[in-house]
Amino acid sequence: MFDDNAAAAPPVWRQIDRRSRALGFDMPSEPDTGAMLRFLAASKPGGRLLELGTGTGLATAWLLAGMGQGASLVSVDSDPAVQTVARDVLGGDPRVTFAIGDGLDYVRAHPPAAFDLIFADAWPGKYEGLDETLALLRPGGFYVIDDMSRQPNWPPGHQPRGGALAARLKSHPHLATVALGWASGLVIAARRP
Ligand SMILES: C[S@@+](CC[C@H](N)C(=O)[O-])C[C@H]1O[C@@H](n2cnc3c(N)ncnc32)[C@H](O)[C@@H]1O
């Protein structure tokens, strides 16, 4: 029961997974993270969703699998070489727009309360520009991050940074936050109405 999320992945995810491996993309999100994103995306019919850090589009595929027809998703990455996989496989879906650029520039270019769900999967929006990113959440909107449990590839000194981020989210006056020992360690925060 608890190990079947990869088996339940959207068919396009398999295609992206194969291409990610061939490319040597070494920062993929896990199927369990994807299943959580799909679940959360399904709760936002007509919602506007944002992914910071497309990578090759693994999480993008899960988000799209949860979204209704009236919802939309923007996914931003600074590296066209990896995002091209996502564009090739998912670009035909009219609900998704891919952008190339710095995630924080993207955040700063948008007014507050513009999004119903933000998956912050790059340095910007997580360890940089956190307050500006959280300001983009509409009331009831979700902010999601992964890789919050200790990872073998963390550089020295990263652990306290992750702890400080989790603590900021947990004590934030406008957020209700839950930390989950799920996949690589998820923290999910909902903006209080
Ligand atoms: C952890 S990976 C994203 C993984 C992806 N979301 C997935 O589900 O597999 C982080 C991504 O952030 C991108 N990135 C790094 N710095 C960035 C920046 N300043 N702005 C936007 N994207 C950035 C990297 O190119 C990389 O693809």
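**View 1. Strands β4 and β5 side by side in the predicted model.** In this predicted model, strand β4 and strand β5, the latter made of residues 137-145, run parallel and are joined by 4 bridges. Within this pair, Leu-117 stands opposite Phe-142 of β5. As background for this view, strands of a sheet pair through backbone hydrogen bonds, and they do so either parallel or antiparallel.

**View 2. The open sheet to which β4 and β5 belong.** The sheet is open and is formed by 7 strands, which follow one another in the order β3-β2-β1-β4-β5-β7-β6, with mixed pairing. Its edge strands are β3, residues 96-100, and β6, each of which pairs on one side only. On average, and with direction ignored, neighbouring strands of the sheet are turned by 15 degrees against each other.

**View 3. Helix α3 against the sheet.** Helix α3 lies across β1 (48-52), β2, β3 and β4, and its direction makes an angle of about 170 degrees with that of β1. Because 8 of its 9 residues are buried, α3 is largely enclosed by the rest of the structure. The buried residues of the helix are Leu-58, Ala-59, Thr-60, Ala-61, Trp-62, Leu-63, Leu-64 and Gly-66.

**View 4. The largest nonpolar core.** This core has 49 residues, and those with the most contacts inside it are Leu-37, Leu-49, Leu-63, Ile-118 and Val-144. Helix α3 gives the most to the core, with 6 residues. In soluble globular proteins, nonpolar side chains tend to be buried together.

**View 5. The shell around the ligand.** Among the 19 residues around the ligand, those that come nearest are Ser-29, Gly-53, Gly-55, Ala-59 and Ala-122. Helix α3, residues 58-66, and strand β2, residues 72-77, each supply at least two residues of this shell. Sorted by class, the shell has 9 nonpolar, 6 polar and 4 charged residues.

View 6. Gly-47 is placed in the loop between α2 (31-42) and β1. With 22 C-beta neighbours inside 10 Å, where 20 or more are required, Gly-47 counts as buried. Not counting residues up to four places away in sequence, Gly-47 touches Ala-71, Asp-116 and Leu-117. Gly-47 and Ile-118 are separated by 71 residues in sequence, while their C-alpha atoms are 11 Å apart in space.

**View 7. Two alanines with positive phi.** Most residues other than glycine have a negative phi. Ala-113, found in the loop between α5 (103-108) and β4 (115-120), has a positive phi near 55 degrees. Ala-183, in the loop between β6 (175-180) and β7 (186-191), has a positive phi of about 55 degrees although it is not a glycine. Ala-113 counts as partly exposed because it has 13 C-beta neighbours inside 10 Å, and Ala-183, with 19 such neighbours, also counts as partly exposed.

Terms used. Residues numbered from 1 in each chain as written. Predicted model: local features only at pLDDT ≥ 70, side-chain atom pairs only at ≥ 80, totals over all residues. Near = placed C-beta within 6 Å. Nonpolar A, V, L, I, M, F, W, Y, C, P; charged D, E, K, R; others polar. Core = buried A, V, L, I, M, F, W, Y, C linked by C-beta atoms within 7 Å. Buried ≥ 20, exposed ≤ 12 C-beta atoms within 10 Å, placed from the backbone. Pairing = 2+ DSSP bridges. Axes fitted to C-alpha atoms, helices over the stretch in contact; angles between N-to-C directions. Contact = placed C-beta atoms within 7 Å.
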